[in-house]
Amino acid sequence: MINHSLKELGHMLASKQISSVEMTQTFLDRIAKYNPSINAYIALDHDKTITQAKAADIRIANGSAEPLTGIPLAQKDIFCAKGWQTTCGSKMLANFIAPYDAHVLSQFDHAGAVNLGKTNMDEFAMGSSNETSYFGGVKNPWDFDRVPGGSSGGSAAAVAARLCAAATGTDTGGSIRQPASLCGFTGLKPTYGLVSRYGMIAFASSLDQAGPMAKSAEDCALMLNVMAGFDERDSTSLNRAKEDYTRGLVNMQGAQPLKGLRIGLPKEYFADGLDANVAKVVQAAIAEYRKLGAETVDISLPNSQLSIPVYYVLAPAEASSNLSRYDGVRYGHRAAAYDDLMDMYMKSRAEGFGAEVKRRILIGTYVLSAGYYDAYYLKAQQIRRLIADDFTQAFKQCDIIMGPTAPSTAFKAGEKADDPVAMYLQDVYTIATNLAGLPGISIPAGFSNGLPVGLQLMGNYFDEARMLDVAHAYQQVTDWHTRMPESLK
Amino acid sequence: MALNISDIKRIAHLARLEISEQEATQTLTKLTGILGLIEQMQAVDTTGITPMSHSQDVVQRLRDDVVTKTNMREAFQANAPKVGNGAAEKAVYGGLYLVSQVIE
């Protein structure tokens with residue numbers, strides 16, 4: 001059952017082969033068995049979870065079930081969940097019980113999905129290995145010596161180890177797609193503004209976007225159907241008609257379902273810095289796409305190498321502003337001993353934040369400080385436009401862009417933990433789409449030395465449905481997305 | 001521009017982060033590396049380019065001037081930190097939050 005798709009699980013529930021309580025308990029049992037070693041979940045609440053499963057069984061019995069009713073999901077701990085400990089992976093919020101639900105969680109609640117628990121993550125989503133979490137690192141289910149990627153590392157490990165049917169993540173610079181690549185599953189970062197940020201603890205507000213992390217493109221489409229939609233409580237939420245992201249999947253049958261599709265291959269994504277074995281796997285996946293009828297076009301994203309410098313101005317700048325709210329007054333960590341109010345702020349923040357979060361606050365404070373704003377923040381926003389314009393030009397030549405998701409497979413824990421610049425380069429292929437606000441997907445494309453490799457698909461604004469079709473077409477003729485670690489079966 | 005230890009201390013103060021000598025030294029090395037990465041931007045000519053903050057060029061939505069939020073004071077105050085300085089109770093009093101005296 002743990003390898004079944006969301007659709008199959010839905011059929012099992014609808015046909016009464018299994019109840020939601022039984023299905024949920026199966027996953028809770030796996031969590032009890034494997035989570036002590038993997039550390040994917042940082043908050044579990046058996047009673048709350050089973051109460052939701054019982055409510056789902058009532059809905060299924062009275063015929064008011066929706067596609068995800070009764071399906072057990074893992075929620076990244078960045079989402080406020082009413083009555084649940086919600087920490088964002090930080091000591092600062094270690095005792096914070098969310099008083100309300102994030103929009104994404106209330107959407108899943110309305111859909112009747114079951115919340116299995118809150119998943120581990122890099123502190124305030126700042127990291128690419130899950131090693132900055134106050135609650136400790138997460139093991140990559142494929143190799144316990146390696147990291148799962150980050151920042152959505154707990155959700156990633158939970159999906160890969162089948163400790164949930166699917167999960168949520170957030171992606172500011174690659175935090176859904178890079179762990180999807182390193183753990184071997186399908187992860188989607190939607191167009192900026194498609195999924196409401198209400199109740200999602202802010203890191204860099206002009207880049208943060210929530211999305212699904214699941215075994216397949218079809219599962220991601222079902223998840224996105226629930227997550228996407230206008231919400232007036234997020235000032236950047238886009239007011240668009242609801243879409244059914246599964247609508248085109250059925251057409252991806254036959255010998256050449258992608259005939260006429262133009263795939264752009266940016267030369268900058270296949271240059272120095274890409275691991276040779278990863279490149280081989282990615283090229284093989286692209287060859288498979290040619291067999292499916294697609295043609296490939298060589299393109300260029302000339303400013304893409306500036307993505308990391310631009311991101312490390314904009315994201316810390318926004319983070320330093322967003323994280324100024326943690327002052328120890330109304331919630332969060334307050335120092336046990338202090339002199340005056342200023343001392344309380346200084347000590348509470350110094351004690352509550354970890355090293356990487358402090359570094360980013362300091363960078364952000366510096367680039368926004370008097371005399372430096374134009375040279376850093378404004379300049380970065382200007383180059384951000386150049387990066388977005390590169391994509392506009394590219395999409396005149398092609399329908400979808402493909403390349404690697406991450407420059408390498410999962411690295412060993414501790415390998416990059418003390419070198420922020422090396423860590424930041426993990427997101428070299430994912431950051432540009434965050435800056436441009438474009439959607440991106442990582443799908444499993446094979447293995448290198450026993451470790452998963454992801455293929456990245458980048459699409460035009462609001463093109464999620466087609467991107468999911470294109471990912472689904474590949475998953476109809478390959479089985480990489482069905483693989484799971486032998487030791488966890 | 002090269003940073004020095006006093007820059008780090010000044011930035012940390014602006015950010016309201018207490019920092020020890022040792023932390024400031026370590027931070028200087030790391031921040032210098034990160035700023036080296038950021039410096040690559042300076043080679044780009046951005047004359048006349050409009051800064052981009054949102055991909056969709058949306059305008060700020062306005063809402064009607066009516067009450068939309070319910071009072072959640074008790075729920076919010078349940079998350080108040082402990083007073084500190086020897087007092088273990090929550091830093092709330094009469095629906096307000098307690099901090100050190102700021103007016104003589």
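In this predicted model, residues 24 or more positions apart account for 12% of the contacts in chain B with a separation of 6 or more. In chain A, by contrast, 76% of the contacts between residues at least 6 apart in sequence join residues at least 24 apart.

**Chain B**

- Chain B has 3 helices and 4 strands, and from the N terminus on its elements run α-α-α-β-β-β-β.
- The radius of gyration of chain B is 23 Å, which is well over the 13 Å that the globule rule gives for 104 residues, so chain B is more spread out than a compact globule.
- Along its principal axes, the C-alpha trace of chain B spans about 55 × 50 × 25 Å, and buried residues make up 13% of its 104 residues.
- The domain assignment divides chain B into domain 1, covering residues 5-43, and domain 2, covering residues 72-104; the centres of domain 1 and domain 2 of chain B, taken over C-alpha atoms, are separated by 33 Å.

**Chain A**

- Chain A has 15 helices and 11 strands, and its radius of gyration of 21 Å is close to the 23 Å that the globule rule gives for 489 residues, so chain A is as compact as a globular protein of that length.
- The C-alpha trace of chain A spans about 70 × 55 × 45 Å along its principal axes, and of the 489 residues in chain A, 63% are buried.

**Where the chains meet**

- The contact between the two chains takes 60 residues from chain A and 46 residues from chain B.
- On the side of chain B that touches chain A, at least two residues each are supplied by α1 (5-14), α2 (21-38), α3 (73-77) and β1 (82-84) of chain B, and the largest share, 7 residues, comes from α2(B).
- Sorted by class, this side of chain B has 26 nonpolar, 14 polar and 6 charged residues.

**One helix pair across the contact**

- Two packed helices are described by the angle between their axes and the distance between the axes.

**A closer look at A:Arg30**

- A:Arg30 lies in helix α2 of chain A, which covers residues 20-38.
- With 18 other C-beta atoms within 10 Å, A:Arg30 is partly exposed, because a residue counts as buried only if 20 or more such atoms lie within that distance and as exposed if there are 12 or fewer.
- Leaving aside its neighbours within four places in sequence, A:Arg30 is in contact with A:Ile2, A:Arg162 and A:Leu163.
- A:Arg30 and A:Lys489 are 459 residues apart in sequence, while their C-alpha atoms are 10.0 Å apart in space.

Notes. Residues are numbered from 1 along each chain as its sequence is written. Chains are lettered from A and ligands numbered from 1 in the order in which they are written. This is a predicted model: local features need pLDDT of at least 70, side-chain atom pairs count only at pLDDT 80 or more; totals for chains, interfaces and linings use all residues. Two residues are in contact if their C-beta atoms, placed from the backbone, lie within 7 Å. Ala, Val, Leu, Ile, Met, Phe, Trp, Tyr, Cys and Pro count as nonpolar, Asp, Glu, Lys and Arg as charged, and the others, Gly among them, as polar. Domain bounds come from an automatic or database domain assignment. The radius of gyration is taken over C-alpha atoms; the globule rule is 2.2 Å times the number of residues to the power 0.38.
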